Amino acid sequence: MTTGLRPAAASAPGRKRDPRLLLPVREVAEMFGVSRSTIVRAYQAGEFPAVKFRGTYRVPRRFVEDFLAAAVRGRVIVLEEYAAEWLARNPVSEVA
C-alpha cells in the first residue's frame, strides 16, 4: 500500500556556501520579518551591528548566523539585547 508520500529530497551536495561576509540590510530584514528601515533605525541607535559603505548598510553574516543559531536552541531572544551582547563580545575590528 502506498501512502502518496515521497521521501524528502536530499540536500544538494554541489550547493556552495554564500561567501559574503556582509549581507544587505534588505535581506536581513526579510529574514527577521521586519522592514529595512527598522534595521537601519536599530543600527543608528547603536542597537544592531552594521557597516555603512557608500550610503548602503550591510550586516555581518556572523551576527545573523549566531542570532539564528541561538533562536533555534529554543530561547526567547530579544534582538536588541542579543545584539548589544554580541557587539560586546565581538569588537568592531573583528566583526567582518
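View 1. R54 is found in the loop between β2 and β3; helices (H or I, at least four residues) and strands (E, at least two) are DSSP runs, numbered from the N terminus. R54 is not a glycine, yet its phi is positive, at about 50°. Most residues other than glycine have a negative phi.

The model is predicted: local features need pLDDT of at least 70 and side-chain atom pairs count only at pLDDT 80 or more, while totals for chains, interfaces and linings use all residues. Residues are numbered from 1 along each chain as its sequence is written, and side-chain values use heavy atoms, with hydrogens and water left out.

**View 2. The open sheet of 3 strands.** The strands stand in the order β1-β3-β2, with antiparallel pairing; two strands pair if DSSP finds at least two bridges between them. β1 (22–24) and β2 (51–53) each have a single partner strand, so one side of each is left without a neighbour in the sheet. On average, neighbouring strands are turned by 40° against each other, direction ignored; axes are lines fitted to C-alpha atoms, for helices over the stretch in contact, and angles run from 0 to 180 degrees between N-to-C directions. β1 is joined to β3 (residues 56–60) by 3 bridges, and L23 stands opposite V59 in β3. Helix α2 (residues 36–44) packs on the sheet and touches β2 and β3, where contact means heavy atoms within 4.5 Å. The direction of α2 makes about 80° with that of β3.

**View 3. The ring pair Y43 and Y57.** The structure holds 8 aromatic pairs; rings of Phe, Tyr and Trp (its six-membered ring) pair if their centres lie within 6.5 Å, and planes under 30 degrees apart count as stacked, over 60 as edge-to-face and the rest as tilted. The centres of the Y43 and Y57 rings are 5.0 Å apart and the planes are at 65°, so the pair is edge-to-face. Y43 lies in helix α2 and Y57 in strand β3, so the pair ties together parts 14 residues apart in sequence. Y43 is partly exposed at 26% relative accessibility, whereas Y57 is buried at 10%.

**View 4. The ring pair F48 and F63.** With ring centres 5.1 Å apart and planes at 75°, F48 and F63 form an edge-to-face pair. F48 is in the loop between α2 and β2, and F63 is in helix α3 (residues 61–72), 15 residues apart. Both count as buried: F48 has a relative accessibility of 3% and F63 of 0%. F48 and F63 belong to one aromatic cluster with F32, F67, Y82 and W86.

**View 5. The buried face of helix α4.** In α4 (residues 79–89), Y82, A83 and W86 are buried. Seen down the helix axis, the buried residues of α4 fall within an arc of 100°, so they line one face of the helix; the arc is that of the directions from the helix axis to the C-beta atoms.

Key. Buried < 20%, exposed > 50% of the residue type's maximum accessible area, 1.4 Å probe, protein only.
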